[in-house]
Amino acid sequence: MNLLVVRRFDARALLVRSDTPTLDGALRPLVADDVRAAVVERVRASGLSDTEPHLAALVAAGADLGADPVAWMAIEVSVEGSAGLPLWPLAAAPADVVAWLGERAPDTAAAATCCDRIRGLFASGGRDTEDDEPPVSVALAARAYLAWREIERDRARPFMALDAGNVHHALIDRWRDLPKNRRRPFTTTQRDGWAEILHPSKQLGLRLNVQELPERIVHAIKAWRSWQGLRHWAALQCLFTEAGRTGRIRWSLEDHLDALGYADRSRRTPELRATVAAEVEALTRMEVAVYHADGTLRLRGPVLAVTQRGEALRGSEWALQGLELVIHPALYEGVRRADGSIGRLWAPAPTELATIDHARFPYALALGLILPIRWRWDTADGLDHLTLTGERLLDTAGIPVSAHDPGRAWVALDRNLAELQRVGGLGLARWNPNEARTRAGRCHLYPPQWVRDRLVHGIAPTERPAAPSLLTGGELHAWRQARGWTQAQAAKMLGVGERTIRGAEAASDEPLGRAILAGLDRQVTGRNPADPAGLPAGRTGPAGIRQTLRMDRQESGRRCGTAPHETLEISGEINFPTPS
């Protein structure tokens, strides 16, 4: 290994070459192949960051770093009159590093030698100042362990998987460009009971069924085309990622409010609950058409097809509480394979994206949904970041530029980029020198490290098993019998009383109570979910809420070549017809 050693009466330093091949060769015996590239990248980045504050002191101490000081990474620095850099990073416990090497190192002999050196370093209270090779291997092993620990933490990070296909990108792109002012009328073409929300283009069109359109849906469409619609779409992507597995979910209002990040107090407001439910329901009345490159129709069907509805009686009115949804395959086929495993054409985004305040940071929502898809495309082309001109960046974010006050657009861009960085949806945004905040200037947008691990290095995320999706006592009964459990065994597994299980199963059409839902969720997540009915504790029984589940025969799409009034009714499985 190429080392640079500084030994003077007032300074001592140990540096190694920071190029990737050198670090990769040093860590090859200690780090498994599937994560080594990601570990090396993090070790190098953190090492250069630790070295930078000491460069001036090292040069003053006589260290010949050559024309390119960044080519060296400090392992140990001790210069009189300045802060030092210890050989062993303080964040790494020696016992943890030894255990990690023993369990995961591909070369057991090299790992055993490194472990002996670690024990010797701490047993002797210092290192042999005449032999620099062993301390370097020990220090790199500790830094590799810290990098691996960060990777494992990020691997378990909750995320939403976005379909990175052209159709989904086009939908978000055109959705962003819809008029956002709710007070101004939005004029669109209507024909045969359908209103064109997104006029057909080379890739897709989107239309709304306006026949017998309830007033609540009319208001919901106004919200949907605003920035709030993109936030709802982000929340749905979170739910499909967490529980869908194959593009089908049991949507509930409580889960959706969880994804949006609403606090417990605000989510109890009847007006908010009714508004959110209507805005999601509006998506179920929309139909997307996907076209081939030559303009011929490829596929048509609902954006979200409904196979089941759940409503709860609140006072004298029924309120939407749950839906069984199937997302259009053209908007999901890159995310999951048929068996529910992660697909080949998807892009990760933070779940916190759905919690962004759409009124204060609307453009962060658009960028948060579009940038991961663009990063996926650029990764396939061998690039590790996205480069856009200032004009194109403003357009991608959907930020209007005023001729009277153009600086306002750049202020809005900076605020929204900062918000996107805060939620973990953007790494670094770097402008070319002397080109910042100009239309012709180039801005380089880098994914955050956890996204880069998945896109560039192929680090697969750790996904929890989905919790059982049960809504009623009848479903609980079927779920228990499928496992061969008695009511007493089920009560023990869920942490509730046997009487609770008996009561729930006896009321087969009633929604499950808070305690049972908490037990189901706790088996997988270890956390207590929100009350599914949105009512205070103790009011989830028959006296507080009465729910009915019914199958709705929904219009799922139009067969190509048929008359406008001809539809395909769905009940149970959804089939999206392919044009002949």
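Select strands S1 and S2 to begin: the two run antiparallel and are joined by 6 bridges, where strands are DSSP runs of E with at least two residues, helices are runs of H or I with at least four, both numbered from the N terminus, and two strands pair if DSSP finds at least two bridges between them. What you have open is a predicted model, in which local features need pLDDT of at least 70 and side-chain atom pairs count only at pLDDT 80 or more, while totals for chains, interfaces and linings use all residues. Residues are numbered from 1 along each chain as its sequence is written, and side-chain values use heavy atoms, with hydrogens and water left out.

Between strand S2 (residues 11-17) and S3 the antiparallel pairing extends over 7 bridges, and valine 16 can be found opposite methionine 73 in S3.

**Two helices, H10 and H12**

Move to helix H10 (residues 253-260) and helix H12 (residues 270-284), which pack at an angle of about 95° with their axes 11 Å apart. H10 is therefore roughly perpendicular to H12, on a scale where angles under 35 degrees count as roughly parallel, over 145 as roughly antiparallel, 65 to 115 as roughly perpendicular and the rest as oblique. To see the contact, show Leu253, Glu254, His256, Leu257 and Leu260 of H10 together with Arg273, Val276, Ala277 and Val280 of H12.

**The sheet S14-S16-S15**

Another open sheet of 3 strands has the order S14-S16-S15, again with antiparallel pairing. Strand S14 (386-389) and strand S15 (429-431) stand at its edges with a single partner strand each, so one side of each is left without a neighbour in the sheet. Here the twist averages 25° from one strand to the next. S15 pairs with strand S16 (residues 442-445) in the antiparallel sense over 3 bridges, and the bridge partner of tryptophan 431 in S16 is cysteine 443. H13 packs on this sheet, touching S14 and S16, and its direction makes about 115° with that of S14.

**The cores**

Finally, select Trp233, Trp251, Leu325 and Leu445, which touch the most other members of the largest nonpolar core, a set of 85 residues. A nonpolar core is a set of buried Ala, Val, Leu, Ile, Met, Phe, Trp, Tyr and Cys residues joined through side-chain atoms within 4.5 Å, where buried means under 20% relative accessible area, exposed over 50% and partly exposed in between (1.4 Å probe, protein chains only). Helix H13 (residues 362-380) gives the most to this core, with 10 residues.

Notes:
Axes fitted to C-alpha atoms, helices over the stretch in contact; angles between N-to-C directions. Contact = heavy atoms within 4.5 Å.
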